[in-house]
Amino acid sequence: MTAPVDIRGLTRSFGGPAILDNIDLTIAAGEFVVLLGRSGSGKSTLLRVLAGLDDAPARQLRLPDRRSVVFQEPRLMPWKTVIDNITLGIRRRDSRLIAAQALADVGLSHRQNAWPLTLSGGEAQRAALARALVREPELLLLDEPFAALDALTRLRMHGLVFDLWRKHRPSVLLVTHDIGEAIALADRILVLDEGRFTREIRVLLDHPRRRSAPEASRIEAELLSELGVDPSHA
Ligand SMILES: Nc1ncnc2c1ncn2[C@@H]1O[C@H](COP(=O)(O)OP(=O)(O)O)[C@@H](O)[C@H]1O
Ligand SMILES: [Mg+2]
């Protein structure tokens, strides 16, 4: 089966040294890939190319047509209710029905007529997830979507994203700098540094994953050292 995402020789620079330097990236159907890297390593630049928000030269750029993005900020229109944010731009007669279903999927049915500014941070990101999923994306792109949330809400969101992924089975590229998040969710972890992937780790642990499992600890130590963090200070 051909991979929905198959990118060869992708390069991006902004005048200086290449931020993405002749990168290859394949993501299989239904695969959950997590991209880790230091701040400024080019994670968002890569995600923006995959989202079609940025042009960059590549030898090959195969991407599915249906792609959705969730950013760190929910980017909801404050003058529209939650459900009207979800249906925005959807031209289907049953758009309200499928939007209501998407809101139910993220546990937000009771907030469907609320104004975005009255939502908590976690609720707003749930709404952003519902807006992404209602388009039935083949590729779901998540750029540090939980970074602004408190630790407990973030853990709940990991569970939610995992359940949604199981149910809808899009290919996922999740950008984060949270190693625990990567190990909790990824089939495969990629580390981006100085324009290249410097590490690729397949995570074969069953779900739900325990951080204390020996294999999880081993991967964590490997990633901490790859990212230049002394494990005793993590
Ligand atoms: N539109 C742009 N113009 C100029 N430089 C940019 C632009 N977008 C990103 N950069 C630079 O590219 C590098 C990688 O940025 P980014 O992809 O946002 O990193 P990350 O998401 O890993 O923190 C940074 O040095 C950033 O300043
Ligand atoms: Mg970024």
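**Close-up views of a predicted model**

At 48% relative accessibility, E200 counts as partly exposed.

**View 1. E200 and R188 form a salt bridge.** The closest N and O atoms of the two residues are 2.6 Å apart. E200 belongs to strand β9 (residues 196–202) and R188 to strand β8, so the pair ties together parts that are twelve residues apart in sequence. While E200 is partly exposed, R188 is buried, with a relative accessible area of 6%.

**View 2. R38 and D193 meet through their side chains in a salt bridge.** Here the N to O distance is 3.5 Å. This pair links distant parts of the chain, 155 residues apart: R38 sits in the loop between β3 (32–36) and α1, and D193 in strand β8 (residues 188–193). R38 is partly exposed at 42% relative accessible area, and D193 is also partly exposed, at 22%. Searching the whole structure gives 20 salt bridges.

**View 3. Ligand 1 and the residues around it.** Take a look at the shell: F14, I19, R38, S39, G40, S41, G42, K43, S44 and T45 surround ligand 1. Two of the shell residues are nonpolar, six polar and two charged. On its own, ligand 1 has 560 Å² of accessible area, and the protein covers 53% of that.

**View 4. Helix α1 (residues 43–51) is mostly covered.** Seven of its nine residues are buried, namely K43, T45, L46, L47, V49, L50 and A51. Just after the helix, G52 takes a positive phi of about 80°.

**View 5. E215 and R218 pair up in helix α7 (residues 214–226).** Their closest N and O atoms are 3.1 Å apart in a salt bridge. The two residues are three apart in the helix, so about one helical turn separates them. E215 is partly exposed at 31% relative accessibility, as is R218 at 42%. Salt bridges with shared partners join R199, E215, R218, E222 and E226 into one network.

**View 6. M77, W79 and L88 make a nonpolar surface patch of about 300 Å².** W79 lies in the loop between β5 (67–70) and α2 (82–87). W79 is exposed, with a relative accessible area of 59%.

Terms used:
Residues numbered from 1 in each chain as written. Chains lettered and ligands numbered in written order. Predicted model: local features only at pLDDT ≥ 70, side-chain atom pairs only at ≥ 80, totals over all residues. Heavy atoms only, no water. Patch = residues over 30% accessible without salt bridge, like charges linked within 9 Å, V, L, I, M, F, W, Y side chains within 5 Å. Areas by Shrake-Rupley, 256 points an atom, 1.4 Å probe, with all protein chains shown as cover. Salt bridge = Lys/Arg side-chain N within 4 Å of Asp/Glu carboxyl O. Helix = DSSP H or I, 4+ residues; strand = E, 2+ residues; numbered from the N terminus. Buried < 20%, exposed > 50% of the residue type's maximum accessible area, 1.4 Å probe, protein only. Near = heavy atom within 4 Å. Nonpolar A, V, L, I, M, F, W, Y, C, P; charged D, E, K, R; others polar.
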